[in-house]
Amino acid sequence: MPSAEGVAITLFYLISILVVIADQAAKWAVRSKMQLGETIPVWSGHLQFTYYENSGAAFSSFQGFGPYFAIVAVAFVAAVFYYRRKGELRGPLLEAASGFLVGGAIGNAMDRVIYHQVTDFLVFGSRGGILNLADLAINAGGLLVLVHLLKKPLKRFSLKR
């Protein structure tokens with residue numbers, strides 16, 4: 001029977017790899033099946049696919065600087081591996097968070113290196129920005145890190161009651 005630590009490490013790699021595969025497959029489908037700028041309503045008022053190529057960062061900021069963000073992504077992934085090796089990112093929650101963050105960073109970095117821009121296509125609601133699966137994974141990873149950081153204070157708060 002595998003140890004809890006072994007399962008957590010496997011969780012990191014499994015999530016990272018699945019995020020990269022799902023992200024790249026979805027972007028490939030969008031690039032091959034949609035025209036740039038095309039919109040396909042999926043769930044009225046809640047979700048639509050709109051094909052957009054972003055050569056910058058979040059919210060289309062820093063247009064044209066995408067390749068530099070690939071360097072940042074590589075540095076981020078290296079930092080995660082460094083801290084995992086040091087044992088500072090332990091436990092299922094942080095392993096999952098790290099997996100989502102690394103998978104998302106790699107997915108977008110691949111686009112930046114190969115295409116010099118990132119394929120975005122997910123629009124939530126009428127005012128939302130345009131995202132891709134790598135962006136959603138990064139958000140999920142950030143949320144899990146936040147949950148990890150709040151776990152102890154919330155536990156202490158609930159025990160005081």
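A polar contact here is a pair of N or O atoms within 3.5 Å; within protein, one must be able to donate a hydrogen and the other to accept it, and residues adjacent in sequence count only if both atoms are side-chain atoms. Keep in mind that this is a predicted model, where local features need pLDDT of at least 70 and side-chain atom pairs count only at pLDDT 80 or more, while totals for chains, interfaces and linings use all residues. Numbering starts from 1 along each chain as its sequence is written, and side-chain values use heavy atoms, with hydrogens and water left out.

Let's start at Arg31, which sits in helix α1 (residues 4-33); helices are DSSP runs of H or I, at least four residues, numbered from the N terminus. The Arg31 side chain makes polar contacts with the side chains of Thr119, at 2.9 Å, and Tyr115, at 3.2 Å. Leaving aside residues up to four places away in sequence, Arg31 touches Tyr51, Glu53, Asp111, Tyr115 and Thr119, where contact means heavy atoms within 4.5 Å.

Now for helix α3. At 1.5 Å a residue, the 24 residues of α3 (residues 92-115) should span 34 Å, which agrees with the 34 Å between its end C-alpha atoms; the expected span is 1.5 Å times one less than the number of residues. Just after α3, His116 has a positive phi of about 65 degrees.

On to the inside. The largest nonpolar core has 9 residues: Phe12, Ala73, Val77, Val80, Leu89, Leu94, Val102, Ala105 and Ala109. Such a core is a set of buried Ala, Val, Leu, Ile, Met, Phe, Trp, Tyr and Cys residues joined through side-chain atoms within 4.5 Å, buried meaning under 20% relative accessible area (1.4 Å probe, protein chains only). Its largest share, 4 residues, comes from α3.

Definitions and conventions. Helix = DSSP H or I, 4+ residues; strand = E, 2+ residues; numbered from the N terminus. Buried < 20%, exposed > 50% of the residue type's maximum accessible area, 1.4 Å probe, protein only.
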